[in-house]
Amino acid sequence: MVNPFLQVTIGLVNPKTPVNVGGIMRAAGCYSVDNVCYTGKRYELAAKSGDAQYDVDTKDAAKRIPLVGVESLLDSVPDGATIVCVDLVVGATPLPLFIHPDNAFYIFGPEDGTIPQQLIDAADNVVYVPTVGCMNLAASVNVLLYDRLAKTTQIRADDELIKQSRDNNNRTRVKHWLK
């Protein structure tokens, strides 16, 4: 049973490339995101090419996590979710100082633009990753989701998680554990 108070949804404003969306889907699988939605047509048009170079979701998270095109991100906010825009916006909170809500709807801008003012105005919070320069869209999603994980008290951290998560060809161990 899904806990409605511990849900994460990612919203993307008119993403441009299948590489970024694929990277976001892989991150969504790694960090237990419930849904990913996007606006615009650029991603769909680029994805129609079917080129294998776009297959960056090697863990097939897109088969388990819905990726849905929507007309409006505001109309797609899950019940009870806190809207958090993530972008380099004047007045935003630096991510290291941000406390993540349990039920979050994180909105990210396009690779070549920013989140529209209407969405910023509707947000409960606006945060940014304090980098020198802007990051790639998929990288921004990964950093935000890792920050959320790092700040939670419900972290599963054991050898079984490592064994389940790593690639099939990885059987490496820390030497002192072999003694």
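Biologist: How many salt bridges does the structure hold?

Modeller: In this predicted model, the structure holds three salt bridges.

Biologist: And which residue meets Lys16 in one of them?

Modeller: That is Asp112, whose side chain meets the side chain of Lys16 in a salt bridge at 3.9 Å, N to O. Asp112 lies in the loop between strand 6 (104-108) and helix 3 (117-122), while Lys16 lies in the loop between strand 1 (8-12) and helix 1 (18-30), so the pair ties together parts that are 96 residues apart in sequence.

Biologist: Why does 3.9 Å count as a salt bridge there?

Modeller: The pair counts because the cut-off for a side-chain nitrogen of Lys or Arg and a carboxyl oxygen of Asp or Glu is within 4 Å, and the N to O value for Asp112 and Lys16 is 3.9 Å.

Biologist: What about Arg42, which residue does its side chain meet?

Modeller: The side chain of Arg42 also meets Asp112 in a salt bridge, here at 2.8 Å, N to O. This pair links distant parts of the chain, with Arg42 in helix 2 (residues 42-47) and Asp112 in the loop between strand 6 and helix 3, 70 residues apart. Taken together, Lys16, Arg42 and Asp112 are linked in a network of salt bridges.

Biologist: Is Asp112 buried or partly exposed?

Modeller: Asp112 is partly exposed, with a relative accessible area of 47%. Lys16 is partly exposed at 39%, and Arg42 is partly exposed at 26%.

Biologist: Then which residue does Asp147 pair with?

Modeller: Asp147 pairs with Lys151, their side chains meeting in a salt bridge at 2.9 Å, N to O. Asp147 counts as buried at 13% relative accessibility, whereas Lys151 counts as partly exposed at 34%.

Biologist: Changing topic, where is Ser140?

Modeller: Ser140 has its place in helix 4, which runs over residues 137-150.

Biologist: Buried or exposed, that serine, Ser140?

Modeller: Ser140 counts as buried, because its relative accessibility is 13% and the cut-off for buried is under 20%.

Biologist: Which residues is Ser140 in contact with, leaving aside neighbours within four places in sequence?

Modeller: With those neighbours left aside, Ser140 is in contact with Phe108 and Met135.

Methods: Residues are numbered from 1 along each chain as its sequence is written. This is a predicted model: local features need pLDDT of at least 70, side-chain atom pairs count only at pLDDT 80 or more; totals for chains, interfaces and linings use all residues. Side-chain values use heavy atoms; hydrogens and water are left out. Helices (H or I, at least four residues) and strands (E, at least two) are DSSP runs, numbered from the N terminus. Buried means under 20% relative accessible area, exposed over 50%, partly exposed in between (1.4 Å probe, protein chains only). Contact means heavy atoms within 4.5 Å.
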